[in-house]
Amino acid sequence: TSFGSTNLPSSNIAPDLIAKIAIEPGWGHFEVKAVGRFFRDRAYSPNSNSITATTNPIGAAANKVSEGGGLGFGAILPIIPKKLDVEVQALGGKGIGRYGVAGGPDVTLDSNGSLDPVKSLQAIVGIEAHPNPKLDLYVYGGDEYYGKASYKFKQPVGTATAGDTYIIGYGAQQFLDGGCNTQYPAASGFTSCQSSGQTRNLWAVQPGFWYRLYKGSAGTVQFGASYAYIYRRTWDGEGAASGTLAHPLAIENRVLTAFRYYLP
């Protein structure tokens, strides 16, 4: 979900349903796939009075159920047989965040307290080259996008801010993002970056290689290394100054190495 801890047991009413059709017509490998998901959580209606230890409005809580799913395709194209392959994967739908490499959001709450699956589009393209039996070269690039699902919410009667209107949900502009692009946030009125961390899109490019040091009757020993450039952009939120918007972003560079031994 887009809120709370992720280290909890699943409360979904059913497991994910996955279907895939694979076709190999003689050149290439092609797939069409679908996923169906079922969400359940217990939530308070945003229109109930403020929740405190004394009021404890158990009657305002209810089980919320929603459905999501997506459609996708994949292909492996041997452009030059045994020398150059192109791979393509894509998946689009609602409530499919967990299937992305970045582990994005599945659902958020709307103004009625119902579960609303977040729209998502995920895609990756890879090129793999095999110049000789010992060396594999590759480069992968992908992008994940998560759509805005925000709603107007008016504070109910009986609360300290009754009548005030807020924007809630996923990607709401009233989340505090001031100071996130400032080296010393306190200078801009914030003691720290208060970004909600709600991803708009995240893309990465990763080139690398595998080199087989030994391949024979005792198995295979190979060494690999890759570099990854990762760019993450969040939805706009409130800036440090009144009436301004902030759009935090993050860039990360990674270098990965590995040794592998495969049994014969």
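1. Val139 counts as partly exposed because its relative accessibility is 31%; the classes are buried under 20% relative accessible area, exposed over 50% and partly exposed in between (1.4 Å probe, protein chains only). Val139 sits in strand S8 (residues 135-146). Strands here are DSSP runs of E with at least two residues, helices are runs of H or I with at least four residues, and both are numbered from the N terminus. Together with Ile127, Trp203 and Val205, Val139 makes a nonpolar surface patch of about 280 Å². Patch members have over 30% relative accessible area and no salt bridge; nonpolar side chains (Val, Leu, Ile, Met, Phe, Trp, Tyr) are joined within 5 Å, and like charges within 9 Å.

2. On the basis of the note: this is a predicted model, in which local features need pLDDT of at least 70 and side-chain atom pairs count only at pLDDT 80 or more, while totals for chains, interfaces and linings use all residues. Residues are numbered from 1 along each chain as its sequence is written, and side-chain values use heavy atoms, with hydrogens and water left out.

3. The average pLDDT of the chain is 82, and 75% of the residues score at least 70; pLDDT is the predictor's confidence in each residue, from 0 to 100. Over residues 49-58 pLDDT stays under 50, and the model has 11 contacts beyond four places in sequence for these residues. A contact means heavy atoms within 4.5 Å. Where pLDDT is low, the predicted coordinates should not be read in detail.

4. The chain has zero helices and 15 strands. Of its 264 residues, 33% are buried. Among contacts with a separation of 6 or more, 59% are between residues 24 or more positions apart. The accessible surface is about 15600 Å², and carbon and sulfur atoms hold 60% of that; areas come from the Shrake-Rupley method with a 1.4 Å probe, and for residues only the protein chains shown count as cover.

5. Seven salt bridges are found in the whole structure, a salt bridge being a side-chain nitrogen of Lys or Arg within 4 Å of a carboxyl oxygen of Asp or Glu. Asp16, Arg37, Arg98 and Asp106 are linked in a network of them. Asp16 pairs with Arg37, with the closest N and O atoms 3.2 Å apart. That pair joins the segment before strand S1 (17-23) to strand S2 (residues 29-44), across 21 residues. Arg37 is buried, since its relative accessibility is 3%.

6. Arg98 also bridges to Asp16, with 3.8 Å between the closest N and O atoms. Arg98 is in the loop between strand S4 (84-94) and strand S5 (107-109), 82 residues from Asp16. Arg98 counts as exposed because its relative accessibility is 52%. Asp106 forms a salt bridge with Arg37 at 2.9 Å between the closest N and O atoms. Asp106 lies in the loop between S4 and S5, 69 residues from Arg37. With 10% relative accessibility, Asp106 is buried.

7. Ser66 belongs to strand S3 (residues 61-80) and counts as buried because its relative accessibility is 9%. Beyond its neighbours within four places in sequence, Ser66 contacts Arg37, Phe38, Phe39, Leu115 and Pro117. The Ser66 side chain reaches the backbone oxygen of Leu115 at 3.3 Å.

8. Leu245 is in strand S14 (residues 245-246) and is partly exposed, with a relative accessible area of 45%. The C-alpha atoms of Leu245 and Phe175 are 9.9 Å apart, although the two residues are separated by 70 residues along the chain.

Key: Polar contact = N/O pair within 3.5 Å; in protein donor to acceptor, adjacent residues only side chain to side chain.
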